[in-house]
Amino acid sequence: MAVLGQSAADGTRTALTQRDLVAATIMDKVTVSRATAALVERGLIGRAPSESDGRSHLLTLTEADFDAVAAAVRRPLLVDFWAPWCGPCRVQGAIVEKAAVRLHGKVQVAKLNVDENPDLAMKYNVMSIPTLLVFTNGVIAKRLVGAKGKGQLMQELDEFLATTH
């Protein structure tokens, strides 16, 4: 997915991708963090193709962008660690998608496929899926293992909703 950026020098627009942002991290972490934060806050990174469903509020994270996004998000970040072959993950995924719509602007919600990103699953000690991790300021604040119903999930997230603006 490409997003439009604007050159400060001449006002022209350029297309930026997530890969561009990650590559630029090496050159200027502060600028990239600000740019990533702005894109995440506006929902431009990881946006699903369709605006009509709840997935438009979800980020899809990978090993390439996880650290930059986790550090850039200014509100709690809920990450659903899942796999396509996992039945409970599919059930949890539908609940997480609905929660993303309800929590939009309060908690950033993301999904991470453990089959495609095994190093991140190992890094965060995800031994069972589905696992939901809540990050605040780039640090794990809460771990939820196993499928949770909508009510239980919202109750578990209450403590983070009270601290958002």
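Helices α4 and α6 are oblique to each other (angles under 35 degrees would be roughly parallel, over 145 roughly antiparallel and 65 to 115 roughly perpendicular; the rest are oblique). This is a predicted model, where local features need pLDDT of at least 70 and side-chain atom pairs 80 or more, while totals for chains, interfaces and linings use all residues. Residues count from 1 along each chain as its sequence is written, and side-chain values use heavy atoms, leaving out hydrogens and water.

Back to our pair: α4 covers residues 87-103 and α6 covers 150-161, and they pack at about 40° with axes 11 Å apart (axes are lines fitted to C-alpha atoms over the stretch in contact, with angles from 0 to 180 degrees between N-to-C directions). On the α4 side, Gln-92, Ile-95, Ala-99, Arg-102 and Leu-103 meet α6 residues Lys-150, Leu-153, Met-154, Leu-157 and Leu-161 (contact means heavy atoms within 4.5 Å).

Zoom out, and the chain has 6 helices and 7 strands (DSSP runs: H or I of at least four residues, E of at least two). Of its 165 residues, 42% are buried, meaning under 20% relative accessible area with a 1.4 Å probe, protein chains only.

Now for the inside. The largest nonpolar core has 22 residues, and Leu-61, Phe-66, Val-79, Phe-81, Leu-112 and Tyr-124 have the most contacts within it (a core joins buried Ala, Val, Leu, Ile, Met, Phe, Trp, Tyr and Cys through side-chain atoms within 4.5 Å). Elements α3, β4, β5, α5 and β6 each supply at least two of its residues. Apart from that core lies another, of 16 residues, including Leu-103 and Met-154, and those two residues also take part where α4 meets α6.

Note on methods. Buried means under 20% relative accessible area, exposed over 50%, partly exposed in between (1.4 Å probe, protein chains only).
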